[in-house]
Amino acid sequence: MQRSVHVSEARRAAYVSLIEQAHKMAELYWAVSDIHASGGSRAEQVPALKEIRIGLREAYSRLRHCIWVISLEGPDDVAEAAETLRLATRPPYRALEEAITDDPHALTDFDRYYDPFWQSLLAFVATARVAVHNL
């Protein structure tokens, strides 16, 4: 019984940490979209985008750590949903990089990539909820 409680608490903590970290990344994504919507000049946008890129790198590092913990804690379907979430961070990051290097369509692409990221977070939450309630 104690082991079951410990496993449940460890999993719940790992899942919550990942959800919190994904929300931090979402806030940075919103900041990129705000910069895009502002219509500022490239000279104004690029320094702000570079700053967000630094924040995203840090946030991604923490997100990756959370995913490693979930991979250890399991179960497999939750670990797979966490990995899907991680993979959903790639397209927006690439678009941000392209925006910084002067691709005129990159920020429009970036905005399109937000929804798949968010949907992967929602899928993770749903999968984690089932796992927590089935312990």
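**Burial, helices and exceptions**

Tutor: Of the 135 residues of the protein, 38% count as buried. Please keep in mind that this is a predicted model.

Student: What makes up the secondary structure of the protein?
Tutor: There are five helices and zero strands, and from the N terminus the order reads α-α-α-α-α. Along the principal axes, the C-alpha atoms fill a box of roughly 60 × 20 × 20 Å.

Student: How do you know that the span of helix H5 agrees with its number of residues?
Tutor: H5 covers residues 106-133, and its 28 residues should span 40 Å at 1.5 Å a residue. The C-alpha atoms at its ends are 41 Å apart, so the two values agree. For H2, with 32 residues, the reach from first to last C-alpha is 45 Å, close to the expected 46 Å.

Student: Which residues of H5 are buried, and what covers them?
Tutor: The buried residues of H5 include Leu107, Phe110, Tyr114, Phe117, Leu121 and Phe124; Asp109 and Ser120 are also among them. Their cover includes helix H1 (2-38), helix H2 (42-73), helix H3 (76-87) and helix H4 (90-100).

Student: Which residues of H2 are buried?
Tutor: Among them are Val46, Leu49, Ile52, Leu56, Leu63 and Ile70, as well as Gln45 and Arg53. The cover over the buried residues of H2 includes H1, H3, H4 and H5.

Student: Why is Thr89 called buried?
Tutor: The cut-off for buried is under 20% relative accessible area. Thr89 has 4% relative accessibility, and therefore counts as buried. Thr89 lies in the loop between H3 and H4. Leaving aside neighbours within four places in sequence, Thr89 is in contact with Met25, Tyr29, Tyr60, Leu63 and Phe117.

Student: What is Phe117 in contact with, on the same terms?
Tutor: Leaving aside neighbours within four places in sequence, Phe117 is in contact with Ala22, Met25, Ala26, Tyr29, Leu85, Ala88 and Thr89.

Student: Which residues have the most contacts inside the largest nonpolar core?
Tutor: That core has 38 residues, and those with the most contacts inside it are Tyr15, Leu18, Leu49, Ile70, Phe117 and Phe124. H1, H2, H3, H4 and H5 are the elements that give two or more residues to this core. The largest share, ten residues, comes from H5. In soluble globular proteins, nonpolar side chains tend to be buried together.

Student: Why is Asp102 called partly exposed?
Tutor: Partly exposed is the range between the 20% cut-off for buried and the 50% cut-off for exposed. Asp102 has 46% relative accessibility, so it counts as partly exposed. Asp102 lies in the loop between H4 and H5.

Student: What is the phi of Asp102?
Tutor: Phi of Asp102 is near 90°, a positive value in a residue other than glycine. Most residues other than glycine have a negative phi, and most peptide bonds are trans.

Student: Which peptide bond is cis, with omega near -10°?
Tutor: The peptide bond from Gly74 to Pro75 is cis, with that omega. Gly74 follows H2 and has a positive phi, near 75°, while Pro75 lies in the loop between H2 and H3.

Technical notes: Residues are numbered from 1 along each chain as its sequence is written. This is a predicted model: local features need pLDDT of at least 70, side-chain atom pairs count only at pLDDT 80 or more; totals for chains, interfaces and linings use all residues. Side-chain values use heavy atoms; hydrogens and water are left out. Helices (H or I, at least four residues) and strands (E, at least two) are DSSP runs, numbered from the N terminus. The expected span of a helix is 1.5 Å times one less than its number of residues. Buried means under 20% relative accessible area, exposed over 50%, partly exposed in between (1.4 Å probe, protein chains only). Contact means heavy atoms within 4.5 Å. A nonpolar core is a set of buried Ala, Val, Leu, Ile, Met, Phe, Trp, Tyr and Cys residues joined through side-chain atoms within 4.5 Å.
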